[in-house]
Amino acid sequence: MSTRQVSKHHWPRGCHPCPARACGEQIAFHMLACRRHWHRLPRDLRALLVTTWKTGDLTRYVSLREEAIAWLRRK
Ligand SMILES: [Zn+2]
């Protein structure tokens, strides 16, 4: 995990595929997963992702995001 400061303004733009296995739906870059897979994430993890994004705590957000992506890939 990089300790580099992350800024919302430098967040990549464009699209990426949903990280869940066998999905591949194209979604906006600031979204973690497609709607269907986002709702499969544990509620606590989703709440933390939303809070850290809103408060701009992006270092924490990125680490939570990686955790969520790993979680989706295990399914
Ligand atoms: Zn998906």
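Where is the place of alanine 22 in this predicted model? The legends below take up this residue after an overall view.

**Figure 1. Overall view of the predicted model of the protein.** Three helices and two strands are present in the protein, and along the sequence they follow the pattern β-β-α-α-α. The radius of gyration is 12 Å, close to the 11 Å that the globule rule gives for 75 residues, so the protein is as compact as a globular protein of that length. Taken along the principal axes, the box filled by the C-alpha atoms is roughly 30 × 25 × 20 Å. Of the contacts between residues at least 6 apart in sequence, 34% join residues at least 24 apart.

**Figure 2. Confidence of the prediction in the protein.** The mean pLDDT is 88, and 91% of the residues reach 70 or more. Strand β1 (residues 15–17) has the lowest confidence, at a mean of 92, whereas helix α1 (residues 35–38) has the highest, at 96. Where pLDDT is low, the predicted coordinates should not be read in detail.

**Figure 3. Alanine 22 in the loop between β1 and β2.** The place of alanine 22 is in the loop that runs between β1 and β2 (26–28), and its phi is near 60 degrees, a positive value in a residue other than glycine. Most residues other than glycine have a negative phi. Alanine 22 counts as exposed because it has 6 C-beta neighbours inside 10 Å, the cut-off for an exposed residue being 12 or fewer.

**Figure 4. Alanine 33 in the loop between β2 and α1.** Alanine 33 also belongs to a loop, the one between β2 and α1, but it counts as buried because it has 23 C-beta neighbours inside 10 Å, where 20 or more are needed. When residues up to four places away in sequence are not counted, alanine 33 touches Cys18, Pro19, Ala20, Ile27, Trp38 and Leu72. Alanine 33 and alanine 20 are 13 residues apart in sequence, while their C-alpha atoms are 7.3 Å apart in space.

**Figure 5. The largest nonpolar core of the protein.** Six residues make up this core, namely Cys18, Ala20, Leu32, Ala33, Leu41 and Ala68. Among them is Ala33, the residue of the previous view, whose contacts include Cys18 and Ala20. Buried residues make up 12% of the 75 residues in the protein. In soluble globular proteins, nonpolar side chains tend to be buried together.

Note on methods:
Residues numbered from 1 in each chain as written. Predicted model: local features only at pLDDT ≥ 70, side-chain atom pairs only at ≥ 80, totals over all residues. pLDDT = per-residue confidence, 0-100. Helix = DSSP H or I, 4+ residues; strand = E, 2+ residues; numbered from the N terminus. Core = buried A, V, L, I, M, F, W, Y, C linked by C-beta atoms within 7 Å. Contact = placed C-beta atoms within 7 Å. Rg over C-alpha atoms; globule rule 2.2 N^0.38 Å.
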